[in-house]
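These are my notebook entries on a single structure. I put the structure up first and record what I looked up below it.

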2 protein chains.
Amino acid sequence: MTYAKYLGYVTQGQWCMTDMVDEKSTTAGPGPAAPVAKPRGRGSSIGPLAAELRVAIMRTSRRLRTEAAGHALSPGQYSVLNAVSKAPLGIGQLAEREMIQAPSMTRIVNALEADGLVARCDNPADKRQVLVKITDDGAARLIEARSKRTQWLATRIAARSPEDRAILAEAARILQEMSAQ
Amino acid sequence: MTYAKYLGYVTQGQWCMTDMVDEKSTTAGPGPAAPVAKPRGRGSSIGPLAAELRVAIMRTSRRLRTEAAGHALSPGQYSVLNAVSKAPLGIGQLAEREMIQAPSMTRIVNALEADGLVARCDNPADKRQVLVKITDDGAARLIEARSKRTQWLATRIAARSPEDRAILAEAARILQEMSAQ
DNA sequence: GCCATTTACTTAGCATTGCTAATGACCTAT
DNA sequence: ATAGGTCATTAGCAATGCTAAGTAAATGGC
């Protein structure tokens, strides 16, 4: 019950809560990480920036997730459908991609299959493996979900100034690089 | 089982999965980001930017959540502890802040209380209400968790150029504004 | 060529977290 | 004083994650 007991068993984040805190008062100062290169000037204090960016990202991601809800496609289903839209993949491959365990993926694929969005096929080369293939219904649903998923964000972006849009574009690139590491 | 049955009952996002798709092929086009500055003309295609930004944010948030795990404080517990660190709050207020329902908050507070990180107090002015107060242990744990939470991000930020940091700072501000709407 | 090991998926069961519904205690207004 | 609303808790369901164990098929050693 006390959560701590749950650790050592949890291997990756699987919690869901908001994380929508106002954490202005992080402890601030130069913060966790080291200076860098030429942190000169007063402006480049890493700690507060990291704290602020974290809050901004978590809050935005929460909004994105919330807004994406209600489309009859859970995030997991969406991810899998998207992955399978290019080429059929096995359960294990999908699980690895999504960073979950195979049984969890089996369950997701079961749900998608029950809805007729994917189909299981035999792999002639290895009959142990099940290939998950997208159906026409699945492809249609994916396209629909895809646009709805981005809709909320697209609306807000459209409302910003061109300068802000440029910054967001750059930030997207930077964030991708950082999280890829 | 089929998820669709679950809708109309779900009111907000509560799923957890990766969402860590390689959705490069969203509609794409000119590649990652748009030019800049003077976007009008053909350059300011909102759709691809929204799609890319969405992926960047979701992926980064996922990393943040994953990296934050293993500190014996779930995101929910962390949020509550942080909220309560400034002033005691009632269950209902906390629930509203976190955008969850009161029973869920009761459960979180129960866990924190069991760990001795918060304490329930009576509110003399309204005996229906329970005030959740942080304990010394809770405050200590919060500070510890706080730095660890931002550490991952701070490290990556520290490795970027000053220009990138400036962009991220701006982006954080913009994202805050957008998600606040 | 046959048996042992490994691999891929499924089934079974537990844990966490969110929600709704219903209950009990208390405040507020008539 | 009583009726109705508000706050918190308890009870019970749904979804998603995990581990452990079981089945089917491929691979390897003798």
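**Entry 1: surface and overall make-up**

I began with the accessible surface of chain A, which comes to about 8700 Å², with 55% of it belonging to carbon and sulfur atoms (Shrake-Rupley method, 1.4 Å probe; for residues, only the protein chains shown count as cover). I note that this is a predicted model, in which local features need pLDDT of at least 70 and side-chain atom pairs count only at pLDDT 80 or more, while totals for chains, interfaces and linings use all residues. Residues are numbered from 1 along each chain as its sequence is written, chains are lettered from A and ligands numbered from 1 in the order in which they are written, and side-chain values use heavy atoms, with hydrogens and water left out.

I then looked up burial: 49% of the 181 residues of chain A count as buried (under 20% relative accessible area; exposed is over 50%, partly exposed in between; 1.4 Å probe, protein chains only). Of the contacts in chain A with a separation of 6 or more, 53% are between residues 24 or more positions apart (contact means heavy atoms within 4.5 Å).

I listed six helices and three strands in chain A (DSSP runs numbered from the N terminus: helices H or I, at least four residues; strands E, at least two). Their order from the N terminus is α-α-β-α-α-β-β-α-α.

**Entry 2: the sheet**

I traced an open sheet of three strands in chain A, ordered S1-S3-S2 with antiparallel pairing (two strands pair if DSSP finds at least two bridges between them). S1 and S2 of chain A are the edge strands, each pairing on one side only. S1 (residues 89-90) of chain A joins S3 (residues 130-134) of chain A over two bridges, and Leu89(A) has Val132(A) as its bridge partner. S2 (residues 118-122) of chain A is joined to S3(A) by five bridges; here Arg120(A) stands opposite Val132(A), and Ala119(A) has Lys133(A) as its partner.

**Entry 3: helices**

I found helix H2 (residues 75-84) of chain A lying across S1, S2 and S3 of chain A, at about 95 degrees to S3(A) (axes are lines fitted to C-alpha atoms, for helices over the stretch in contact; angles run from 0 to 180 degrees between N-to-C directions).

Helices H3 (residues 91-98) and H4 (residues 102-114) of chain A pack at about 105 degrees, their axes 9 Å apart. H3(A) is therefore roughly perpendicular to H4(A) (65 to 115 degrees; under 35 is roughly parallel, over 145 roughly antiparallel, the rest oblique). Ile91(A), Leu94(A), Ala95(A) and Glu98(A) of H3(A) meet Ala102(A), Met105(A), Thr106(A) and Val109(A) of H4(A) in this contact.
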